[in-house]
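Thanks, everyone. Let's go through the sheets, then the ligand shell.

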Amino acid sequence: MPAQREAEAVPGGVAGRGAGAGTRDTGIVARGVSRILPGAVPVTLVRDIDLAIGKGEFVAITGPSGSGKSSLLYLLGLLDLPTTGTIELDGHDTGAMDEATLAALRLGRIGFVFQFHFLLPEFTVLDNLLIPMRRKGGQPLERMRHRASGILAALQLDGEAAKRPDQLSGGQRQRAALARALANDPDYILADEPTGNLDTQNAAIVFDILDRLVRQGERTVIIVTHDLALAERTHRRIHLVDGRIVADRAA
Ligand SMILES: Nc1ncnc2c1ncn2[C@@H]1O[C@H](COP(=O)(O)OP(=O)(O)OP(=O)(O)O)[C@@H](O)[C@H]1O
Ligand SMILES: [Mg+2]
């Protein structure tokens with residue numbers, strides 16, 4: 001990991017990423033991906049997805065409810081495995097990886113914001129950030145705490161660090177889920193409706209942080225959103241209907 005990122009306490013801070021990003025990065029590539037749930041009546045979540053999302057892209061996935069947006073994000077985030085087809089991360093076929101390798105990639109490279117947040121209910125907001133940091137390791141606890149505080153402050157959650165998720169408002173929980181996703185400074189941030197429960201002001205804060213992560217940090221951000229005004233502000237919009245990509249437009 002480049003030194004300037006280690007020093008970066010706040011997501012998208014002034015440090016940026018510079019030349020450290022490397023030259024072999026090719027982003028996330030889906031080739032012929034379908035996901036079918038087996039059963040008496042098999043359910044197709046997504047079908048025939050061919051998609052290449054490069055480093056530094058800011059992508060919005062839109063589509064009607066039930067069109068497969070969350071399912072696609074799970075596949076791109078290596079949280080689910082395709083039934084057919086392959087997902088490549090930075091040129092590596094993830095289908096050939098064992099679970100431990102996938103888990104390490106998810107922990108260190110990918111920050112995932114779930115549609116229904118999934119914060120650990122018995123832990124404080126701060127601990128929800130520290131847990132993935134400690135699991136990854138590599139820096140003293142004080143440094144982790146400092147970084148976690150910086151992320152919480154950037155998301156205007158500094159006053160909520162000691163609370164448990166059930167003591168937060170819906171919007172605060174959603175921002176805490178984004179804060180957790182940023183804990184290990186991932187290259188890829190995949191967020192399922194990250195502004196779904198937020199008022200205009202808080203939606204703008206979250207969007208601006210994601211935008212800054214892309215512009216200053218060369219991170220890749222993929223959001224699922226129903227908010228078309230927000231989708232318009234990303235660089236690329238992918239529209240799903242019935243599990244298929246029906247439109248893929250650059251800004
Ligand atoms: N475990 C499951 N068993 C059966 N069907 C499922 C399951 N998970 C998802 N589906 C179905 O797969 C389809 C895609 O679901 P998905 O959650 O990806 O949609 P979505 O586009 O994220 O919808 P929303 O906007 O409501 O969040 C839906 O029709 C859904 O009912
Ligand atoms: Mg969904």
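One open sheet has four strands in the order E2-E1-E4-E5, paired antiparallel. Strand E2 (43–53) and strand E5 (92–93) are at the edges with a single partner strand each, so one side of each has no neighbour in the sheet. Helix H2 (residues 69–76) packs on this sheet, touching E1, E2 and strand E4 (84–89), and its direction makes about 125° with that of E1.

Quick housekeeping. This is a predicted model: local features need pLDDT of at least 70, side-chain atom pairs count only at pLDDT 80 or more, and totals for chains, interfaces and linings use all residues. Residues are numbered from 1 along each chain as its sequence is written, while chains are lettered from A and ligands numbered from 1 in the order in which they are written.

Terms. Helices (H or I, at least four residues) and strands (E, at least two) are DSSP runs, numbered from the N terminus. Strands pair if DSSP finds at least two bridges between them. Contact means C-beta atoms, placed from the backbone, within 7 Å. Angles run from 0 to 180 degrees between N-to-C directions, with axes fitted to C-alpha atoms, for helices over the stretch in contact.

Next sheet. Six strands, open, mixed pairing, in the order E6-E7-E8-E3-E9-E10. Its edge strands are E6 (110–113) and E10 (244–250). H2 packs here too, touching strand E3 (58–62), E7, E8 and strand E9 (236–241), at about 155° to E8.

Now ligand 1. Its shell (C-beta, placed from the backbone, within 6 Å) includes Leu37, Lys69 and Gln115. Which element gives the most to that shell? H2, with three residues.

Methods: Contact = placed C-beta atoms within 7 Å.
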